Amino acid sequence: MRATGSTAARSVMWKGVQPLLGLVIIYALFAAVSGTFRTFDTLKTILTQAVILGTMAAGPTIVLIAGGLDLSIGSIFCLVAVGAGLMLNAHWPVALLVIASLAIGAASGAVNGFITIGTGIPAFIGTLGMMKVYRGLAEILGMNKDMSKFPASFQAIGSGYLIPILIMAVSFLLVWIFLSRTRLGFNCYAIGGSNEVSRLAGVPVRRYYLIYYTLGGFFAALSALIQASRLNFTNSSWGNGMELDAIAAVIIGGTSLSGGVGGIGRTVIGVLIVTTLNAGLSHLGVSSSWQRISIGVVIILAVWLDVVQRRRELKA
Amino acid sequence: MSKRFRAIFLALAVLLCAVSLAFAGPGAEKPAGGKITIGYTGYPGGLTPFWAEMAQYMKEEAAAQGVNLIDVSPTVADAAQQKDSMDNLINRGVQGIIIGAIDNRAFGESLKRAAEKKIVCVAVDTAIDDPYVTALAQTDNLSSARVLGQYIVDHTATKGKVLILGGTLGHQTGDARRDGVKQVLEANGFEVIFRACDWNDSKALETATFELAANKDIVAVFGCWDPGALAGLAAVKQRGLLDKVKVYGFDGLPPALKSIKDGELTATIKQDNKQMAQVIMRSVVAQIKGQPSVKKLLIDGFVIDKSNVDKYLK
């Protein structure tokens with residue numbers, strides 16, 4: 001018994017360490033090979049480039065741990081960006097539009113949760129449908145409208161290094177507190193581990209799911225606001241495929257697609273692996289097509305390692 | 001176990017920070033051998049042959065000028081990704097950057113950073129309204145679109161509605177093409193329906209299909225870019241309106257020229273992307289060397305129709 005427990009403990013420990021070890025190796029390799037990569041500016045740029053993906057990935061981290069899936073966050077990102085653009089065109093005060101945009105994102109996430117738990121439709125299908133709905137709404141709202149040249153007070157949100165990185169760091173911290181210090185967070189793991197057992201244990205699974213999806217929408221909205229302010233324009237083509245990028249970063253970090261396992265620390269590492277790979281390969285002159293291929297290989301590798309370890313655990 | 005796990009995790013995190021900081025220097029390395037290095041980030045070549053050709057011409061001209069060229073053009077039309085690619089070029093310590101903008105509004109902060117590092121930034125095809133962009137080579141979109149607008153007027157017997165399938169609203173190139181055609185058509189009694197299609201061929205097809213169904217009196221369709229025009233043409237053909245509705249494009253790309261030859265697309269405006277690449281590369285190199293250079297070149301586009309298409313079909 002003791003030997004089995006020890007093996008399982010080692011396995012859990014090794015799983016947590018692998019992504020960080022991967023990140024260290026990737027960073028060290030690029031730093032060794034590329035002279036221009038090992039600069040402080042590059043380090044700052046990597047962190048800045050991680051902001052949009054990182055902030056967005058905070059949402060799916062919670063949803064995936066709870067055993068859910070939200071494919072519509074890319075479209076929520078787009079809807080919020082268009083909504084913010086329209087509000088800016090209408091000269092809304094920046095503070096008000098930020099609150100309104102975050103509320104739109106959270107409400108969109110809540111609708112996803114409601115559809116998934118209210119109808120019993122699988123999350124994959126329910127959120128796939130809502131992905132189309134939100135995208136269509138964004139297209140209707142943004143049709144034939146120039147949403148650009150925003151006021152300096154709005155641009156400040158995504159400008160420079162400090163503020164965006166700070167927003168991302170605070171998002172990660174909040175999710176860490178949520179997952180590790182609140183009942184909602186603890187139950188996220190329980191629900192992801194076994195939905196049915198949690199229900200029998202008296203956890204209000206349906207209500208909690210609604211909150212997890214709401215948080216997913218909230219972080220997609222926050223991410224959209226940062227991008228809109230950073231690029232100083234928005235349009236309805238944004239966010240295509242971003243849901244998959246965010247989910248990929250979460251998985252690369254080691255959060256399980258089947259729920260119950262994961263954490264925001266792992267997502268931070270997953271996001272940094274993706275961003276470092278992109279930046280590093282770019283410094284080596286590798287085209288963005290090859291950057292995509294490398295990310296794809298890393299995703300497969302990460303999930304494969306997870307599968308192998310699960311098999312070993314079962315055997316043990 | 002938990003303590004041991006935390007210790008390993010912490011050790012790795014410290015190692016990462018140590019590696020980062022140990023390697024981090026104050027600035028980028030200068031390129032070896034004193035050879036000038038130019039970065040290029042253009043619209044994705046995989047999405048339109050115009051930009052695939054542009055990338056090739058850039059490469060050829062860089063070789064002719066004896067400079068290194070780093071092409072970091074994204075593979076998808078994502079302005080954020082293009083901005084990231086430009087930031088990476090800045091960190092790589094290139095001396096000049098040529099931008100073929102996916103969206104001309106996205107670069108403000110990056111251009112400022114480049115200027116602080118004395119990197120020369122120039123634009124090709126799409127103007128970027130920023131004081132740090134020191135040269136531009138593009139088609140004179142407004143005047144060329146006016147020429148096409150007049151061509152449409154001259155070749156349309158019945159006055160009616162003209163559908164314009166546009167780029168992204170606020171995009172300098174797309175707006176100029178829309179305005180040029182629109183001004184001439186409206187001055188000659190045509191009604192213009194403009195729809196922004198974000199340079200997206202599928203959106204152009206969908207929009208044209210919908211508008212042709214909703215407006216029976218559309219007499220012509222103008223796509224602000226050739227693939228968009230060909231998408232409009234597909235919608236016209238689907239509805240069996242090829243004998244009633246003429247379709248026009250802008251770019252002069254091989255598929256559009258073939259379509260003109262086949263008697264489907266009526267005309268397009270030819271853009272000289274080879275000249276753009278040559279002029280802008282020479283300009284950026286001259287600026288880096290501190291020599292006099294071309295700061296703005298507006299190239300006139302011209303109409304290609306059935307009468308002269310053979311001359312330009314490769």
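Colleague: How far apart are the C-alpha centres of domain 1 of chain B and domain 2 of chain B?

Modeller: They lie 29 Å apart. Bear in mind that this is a predicted model, where local features need pLDDT of at least 70, side-chain atom pairs count only at pLDDT 80 or more, and totals for chains, interfaces and linings use all residues. Residues are numbered from 1 along each chain as its sequence is written, while chains are lettered from A and ligands numbered from 1 in the order in which they are written.

Domain 1 of chain B covers 33–140 + 273–300, and domain 2 takes 141–270 + 305–312 (bounds from an automatic or database domain assignment). Where they meet, 14 residues of domain 1 are in contact with 15 of domain 2 (contact: C-beta atoms, placed from the backbone, within 7 Å). On the domain 1 side, α2 and β5 (133–139) of chain B each supply at least two of the touching residues. By class, that side has four nonpolar, five polar and five charged residues (Ala, Val, Leu, Ile, Met, Phe, Trp, Tyr, Cys and Pro are nonpolar, Asp, Glu, Lys and Arg charged, the others, Gly among them, polar).

β5 also belongs to an open sheet of six strands in chain B, ordered β2-β1-β3-β4-β5-β11 with parallel pairing (strands are DSSP runs of E, at least two residues, and helices runs of H or I, at least four, numbered from the N terminus; a pair needs at least two bridges). β2 (68–71) and β11 (296–299) of chain B are the edge strands with a single partner each, so each has one side without a neighbour in the sheet. From strand to strand the twist averages 20°.

Further in, β1 (residues 37–41) of chain B runs parallel to β3 (residues 96–99) of chain B, the two being joined by four bridges. There, I38(B) sits opposite G96(B) in β3(B).

Zooming out, chain B has 11 helices and 12 strands. Of its 314 residues, 52% count as buried (20 or more other C-beta atoms, placed from the backbone, within 10 Å of a residue's own).

Definitions and conventions. Axes fitted to C-alpha atoms, helices over the stretch in contact; angles between N-to-C directions. Contact = placed C-beta atoms within 7 Å. Buried ≥ 20, exposed ≤ 12 C-beta atoms within 10 Å, placed from the backbone.
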